[in-house]
Amino acid sequence: MNYNYEGKKIFYRDVGEGEVIVLLPGNTSSSEVHRGDIDYFSKQYRVICPDYIGYGKSERANELPENFWHENALMLINLMEALKVDKYKVIGSSGGGLIGLNMAILAPDRIQLVVADSLIGEYITKSVGEKIVRGRAQTDNGIKDFWRYAHGDDWEQVIKFDTEMIAQFSQNGRSIFNGKLDKINCPVLIIGSLSDDLIPNIVINMGEICKQIKNSKLLLYSKGRHPVMLTMAEAYRKDVKDFLDRF
């Protein structure tokens, strides 16, 4: 399905019935990658999974928003209003988790809970930004096939814009959440792997986010890589389902 946001076509998948889950892919991923997660959660919920601005099957942009995670949070809140969905739960992986937490800040009366895994932290430091840029320049064919699957034949332009956005954001020292994590009131489950191959100091970075959110819980796996939603799918789905069932 398609939705118009500020003159751009945004693609999203809408599957299942019942209470609504907004399922959010990570940076450089798309709804196509999460078909398995959509199938799993749509057995019990209505699942809405977007392709972000300039991503996947959405219309391309000349550049990505400076605070990608804030702007896409605004876009998704706008989409849910257009769909006349007043209350919903949010599950986000990696960059999608950052978007989900921003949604909880911006629409506290609408977001019922947030599950966020494999979060890079509240800030992207220059060193981490440089690591991401270097890593993407040295990717193997497996990662390139993943990006092609997620975005189509023009995947290189999508990844280029995303990498440039992260590099620029890492230079400004700004909080991804504009310093407002303490405004989140809904229950939040933060999940990570101690073996995450992308995020340095994951316990510190995710712990700092958790400390600022009143009603939050931090769950760490000893196994898995980045992101947990994809690399520890069975354990992840069980723990997320248990959390969903509590609320």
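Visitor: What is the bridge partner of Arg13 in β4?
Guide: Cys49. Keep in mind that this is a predicted model.

Visitor: How do β2 and β4 pair, parallel or antiparallel?
Guide: Antiparallel, over four bridges. Strand β2 covers residues 8-15, and β4 covers residues 46-50.

Visitor: And which way do β3 and β4 run?
Guide: Parallel, joined by three bridges. Ile21 stands opposite Val47 of β4 there.

Visitor: What do β3, α1 and β4 make together?
Guide: A right-handed β-α-β unit, with α1 at residues 35-41.

Visitor: How many of β4's residues are buried?
Guide: Four of the five, so the strand is mostly covered.

Visitor: Which residues of α2 are buried?
Guide: Phe68, Trp69, Asn72, Ala73, Met75, Leu76, Ile77, Leu79 and Met80.

Visitor: What comes just after α2?
Guide: Lys84 takes a positive phi there, about 60°.

Visitor: Last topic, Ser93. Where is Ser93 found?
Guide: In strand β5, residues 88-93.

Visitor: Is Ser93 buried or exposed?
Guide: Buried, because its relative accessible area is 1%, and the cut-off for buried is under 20%.

Visitor: Which side chain makes a polar contact with that of Ser93?
Guide: Asp117, at 3.1 Å.

Visitor: What else is Ser93 in contact with, leaving aside neighbours within four places in sequence?
Guide: Besides Asp117, Ser93 is in contact with Leu24, Pro25, Gly26, Pro227 and Met229.

Key. Residues numbered from 1 in each chain as written. Predicted model: local features only at pLDDT ≥ 70, side-chain atom pairs only at ≥ 80, totals over all residues. Heavy atoms only, no water. Buried < 20%, exposed > 50% of the residue type's maximum accessible area, 1.4 Å probe, protein only. Helix = DSSP H or I, 4+ residues; strand = E, 2+ residues; numbered from the N terminus. Pairing = 2+ DSSP bridges. Right-handed = clockwise from strand over helix to strand, strands pointing away. Polar contact = N/O pair within 3.5 Å; in protein donor to acceptor, adjacent residues only side chain to side chain. Contact = heavy atoms within 4.5 Å.
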